[in-house]
Amino acid sequence: MKLKASWLAAALLAVAAIILPAFLGAYPLNVARSIMTYMALAVSWDMLLRSGQISFGIAGLFGLGSYASALAVLRAGMSPAASIVFAVLFAGLVAFGLGFAILRLRAMYFSITTLALMEIFRIIMHNLHDFSGGPEGVVLPAILFNGEAKALYWICLAGLFVTIAASVYFEKSKLHLALTAIRNDEISARTSGVNIFKYLLIAFVATSMLQGLMGAIQVQSYGFTMPDTAFDANFTLLPLAMALLGGIHSTIGPMAGAVLLGVAAEWLKLKIPYGHLVVYGLIIILVILFMPKGLYGLAKDKFKKSHDNRVKGKLS
Amino acid sequence: MLKKQSLPKVAAVAAIFVAIILWRPTVLIYGLQAAGLYASIAIPMGLVLGIVHIVNLAHGEIMMVAAYSSYMLCSWLGIDPYISLIPVAIITAIFGFIIYRLTIRQTLKAPELNQLILTFGIAISLTQLANIVFTSQTRKMSFSYVSASMDIGELSFGIYNFVFLVAAIVLAYGLKFFLHKTVAGKAALAVGQNPRGAAIVGIDVDKTYGLIFALACALVGAMGAMFITRSAVFPSVGSPFTMKSFCLIAMAGIGNIPGILGASVLLGVSENFLKAFRATRGWADIVFFVLIISVILGRSIRGKRA
């Protein structure tokens, strides 16, 4: 019964998200789009985190996706829709190749390498003047759907839905058991016959494709990109803070964190134009120190405790 | 001390150096100067990593705080940054100690990832606070002695930046002396090797961690004060140095402080080698990232085989 109720709630939320543009103007829709982008990145970051690997390179794959899409339109004459598909496949392929090398690494070495890879992508795009436009970046001839705000909202929402569906699949399928086993104790997972490299590669490639997808949608919606916006460190920082605040190792946690921080950031941006990101830094510190499980983890613990108490009450 | 296998390597490196000296002397000169700066900032981070076992991603930001403190002191009191060096080192030592007590100490027993994310959060907070307090405007002080130069034959080059190379050598060997010859240093080394064992023989592990963290902050603070004689200060000035420092430490091997010097020379010279040509100038930044990845991967593959 409980499961059905939660599915129903999810369906209601999805419908609400779909019909939202009917009630909103262009500016709130734009804000909603940026929150959805960050939400998808936060969820995808968490998907890899469930295996215990922490990536600092979200912006790298996001930027790679946006450049792949933009350059596919400009240099290969693809249609925008085809270029998004191409960007997803390209990000997946790059992640597949890199995965063989970097998924051997653990803990801080993995994290630092992902951060370094992001910088490498950025410097390459910065320096290939003839191909990628160099520091000035590239401008697309046309924006997707002629910049129609509602259509852009829906395509961004579609990207988010794909991400959430993938994340729920990761949670409900056998993958969940494998990834959790790797996170908890890699050696005993290996002795129990879990193919560690295979599952890490699946998670890494899948999350990279999702990040590439959001990047491609972003560039097609804004019509331009340059190295400093495509590989902006905020695309790493914000999703990380959102997922941590909401509660890691779940789908719902990063989503809740994204809504909270996304709305807060929009408000703070108006109050403190420079340096409003300090709030993100402080949230990361406070969450790590005082509630490492995040809001969702906290709520779950509370719920479990009151449930246990009730059971105990019935028994006595 | 050299192993037989490393002899060809050393010979190859020496040959490359000689070739560079003959062909483009400035590559070596500026490379060594850059290496001094990298090494002197990386060494304190190596100290923390070797003894407290924390990757402090806010390392560069502490240098940034020191650079701003030194800038403020110098512009208010009209003193030279070298005079502000000691007060700034004391300020950052206290600052670092407070950070250690309030945050890092709480996560020492938590998984490594928590520490990584925590120091990442500290780094962001410090950069953004500087952004709010000082705005993103760059600040620069100029001093006449910075433009000191030297002529050898037809070659003319700035010599001031060799100060950083001297500082790096002093830091590396000073710390080596501290760790091997003094009581506090020996205790710190023991804690770094085995905290539990050190605690059993009566060393106060927590106090040692705090001391080492504060010491590292003081050293990088002193570097921050020296840094403003050479470069402009802005909120994100420290962040590239965090990554570079980590890379150098990973190359040298954790705990090998003099090795950081060698790694810095390699990085500094190869960066300046690319900067010497117009066509490759823009690619100089990539050297470091390629180095870090190849070093980390090389180590992991060698580790697998062993």
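This is a predicted model: local features need pLDDT of at least 70, side-chain atom pairs count only at pLDDT 80 or more; totals for chains, interfaces and linings use all residues.
Chain B contains twelve helices and two strands. Reading from the N terminus, the order of these elements is α-α-α-α-α-β-β-α-α-α-α-α-α-α. The radius of gyration of chain B is 20 Å, close to the 19 Å that the globule rule gives for 306 residues, so chain B is as compact as a globular protein of that length. The C-alpha trace of chain B, followed along its principal axes, spans about 60 × 55 × 35 Å.

The packing inside the chain can be described in two further ways. Of the 306 residues in chain B, 46% count as buried. When contacts in chain B between residues at least 6 apart in sequence are considered, 75% of them join residues at least 24 apart.

Attention now turns to the partner chain. Here, 33 residues of chain B are in contact with 32 residues of chain A. On the chain B side, the elements that give two or more residues are helix H5 (112-134), helix H10 (239-252) and helix H12 (284-305). Of these, H5(B) gives the most, with 15 residues. Sorted by class, the side of chain B that touches chain A is made up of 19 nonpolar, twelve polar and two charged residues.

Note on methods: Residues are numbered from 1 along each chain as its sequence is written. Chains are lettered from A and ligands numbered from 1 in the order in which they are written. Two residues are in contact if their C-beta atoms, placed from the backbone, lie within 7 Å. Helices (H or I, at least four residues) and strands (E, at least two) are DSSP runs, numbered from the N terminus. Ala, Val, Leu, Ile, Met, Phe, Trp, Tyr, Cys and Pro count as nonpolar, Asp, Glu, Lys and Arg as charged, and the others, Gly among them, as polar. The radius of gyration is taken over C-alpha atoms; the globule rule is 2.2 Å times the number of residues to the power 0.38. A residue is buried if 20 or more other C-beta atoms lie within 10 Å of its own, exposed if 12 or fewer, and partly exposed in between; C-beta atoms are placed from the backbone.
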